[in-house]
Amino acid sequence: MWILLLLPFAGLLWLPFYNHEGPALFGFPFFYWYQLLWVPVTALLIWIVYRHDKKNGVE
Amino acid sequence: MDAQTMGAINWTALSVFVFFFLLVTVMGFYASRWQRPEKKEAHLDEWGLGGRNFGTWITWFLVGGDFYTAYTVIAVPALVYAVGAYGFFALPYTILVYPIVFVIMPKLWHAAHKAGHVTAADVVFGRYGSRPLELAVAVTAVVATMPYIALQLVGMEVVIKALGLTGELPLAAAFVILALYTYSAGLRAPALIAFVKDLMIYIVVLVAVVLVPIKLGGYPAVFAAAGEAFAAKGGATGLTLKPAQLLPYATLALGSALAAFMYPHTLTGIFAAKSADTIRKNAVFLPAYTVLLGLIALLGYMAYAAKITVKSNNDVVPALFNALFPAWFSGFAFAAIAIGALVPAAVMSIGAANLFTRNFWKAYVNPSITPPGEAKVAKITSLGVKVGALVIIIFLPTQFALDLQLLGGVWILQTFPAVVFGLFFAWFRAPALLAGWAVGLISGTTIAFLDGVKPVHTFNLGDGHYAVYTGLLALVINVVVAAVVQVVLPSAGTKPKAVAA
């Protein structure tokens, strides 16, 4: 489960993957909406790990 | 005041601004009674950590309020306005910080809670029993925080100027009021004010990101205007990163994320939480502020679509609001930014005062000090810290504070191994960590100075140029040195206390 917490690092620190303008979404170039999308995705991943920990009784 | 400066004052905006400023002042003084247990004697836990009883919501507002500072609201759009995509590194930085907080901070909270520690340096002393390592962590934290407080004043100065007020008096007055209610109410004051500040900032930003593009022809037009401006400007600017900027962008984001919760103001929010669960929940919900930050950053592009030109990049946000919004809303927005400076400045001065009291006064001056005595020393220290920051801003060039804050980031990152490693494994001992800290600090500072106080250092390897964040580079040196010393001198120093389960 903890491995999920590494995904944002992979997704955001490998710049060649998202350093371009297309495809745009709602007028936002890819570079911008891709990074903004990682905000809710990261919160969700942390929440999944949190739920999992809680079930296993992590203090 | 002569007639001309009188005429420049925006009275509507100023009235709204003053109203909200007075509101939070009243709240600040009232805060000393808020959530206070009855008949509790004066204690540093009360003044410096709000009774260690902040639940999920209060912690969310408090940490959100002091991590995303007023200076952020001014400086991030200013950088984005100046260079484009590169200024957005604040976004991955404030995303990656939360997995880090989720993994590390509940453990740090447990270590502090069990032993009644108030500061990170307390935790380090508790673990390693080393006064020198404790002092290293404490001094680094205080020195890195002072210019950070000064920058909050810069943020406040910018909006006070945008209201048409001149001179240092309004700034000094605002800060004296802040100093007084922090003195009387401690951490409860910024915690209570953070509710108002954060709600105001949310309102301002949501209105701005919806209404401004409507006025300017939508987001495609905003990005197009910025793209054209950068094409005309040339150099290392643009809507995407230049190849040479990729590595600096990634290392700045990662290094800043590692450093963010080593600062006393963010850690104070952690130590003041009621439980480890409070902190974990906040790691899930605090990213909401990062969405806000991303949108705030876009104000830098909106300025191009609105055809705004400014003398100093830091004026871009106030100039945008003054140009596009009615005066009363500008006043509201400026009040939000100024109050946004008060919350972090208060928490920073409290964090620094806690460090001074626990890790200097109690450690070296008066080891038998009582908890009420500690509270007294911390309260007086918090006044001194704020006066110091005010003096820096009024008497030294702003660039000095900016440079110091940048170096502060490099420095605070060097406390990471001492504060964090011991929470997970007990291999390192104090002498190794101290050596790593010292070499990391000295090499990071030297490299930054040789580069002309720039945050990024360029290596030339063969034909390639690789530029990385100096703080992260120094941290690598720090860890390598600590590991080498630990291998060479495995039994120097005492064995650290066992890692808590």
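Predicted model: local features only at pLDDT ≥ 70, side-chain atom pairs only at ≥ 80, totals over all residues.
Across all chains, a search of the whole structure returns 47 aromatic pairs. One of these joins B:Trp57 and B:Trp60, and the pair is edge-to-face because the ring planes meet at 80°, with the centres 6.0 Å apart; the angle that qualifies a pair for this class is over 60 degrees. Both tryptophans belong to helix α4 of chain B, which spans residues 56-67. Their positions are three residues apart in that helix, so about one helical turn separates B:Trp57 from B:Trp60.

B:Phe61 pairs with B:Phe195 in a tilted arrangement, the planes being 35° apart and the centres 4.4 Å from each other. Here the link is between distant parts of the chain, since B:Phe61 lies in helix α4 and B:Phe195 in helix α10 (residues 188-216), 134 residues away. Of this pair, B:Phe61 is buried, with 7% relative accessibility, while B:Phe195 is partly exposed at 23%.

B:Arg131 is found over the face of B:Phe125, 3.9 Å from the centre of the ring. In a second case, the ring of B:Tyr81 has the charged end of B:Lys233 above it, at 5.9 Å from the ring centre; the distance limit for such a contact is within 6 Å.

Notes: Residues numbered from 1 in each chain as written. Chains lettered and ligands numbered in written order. Heavy atoms only, no water. Phe/Tyr/Trp six-rings, centres within 6.5 Å; stacked < 30°, edge-to-face > 60°. Helix = DSSP H or I, 4+ residues; strand = E, 2+ residues; numbered from the N terminus. Buried < 20%, exposed > 50% of the residue type's maximum accessible area, 1.4 Å probe, protein only. Lys NZ or Arg CZ within 6 Å of the ring centre and 35° of its normal.
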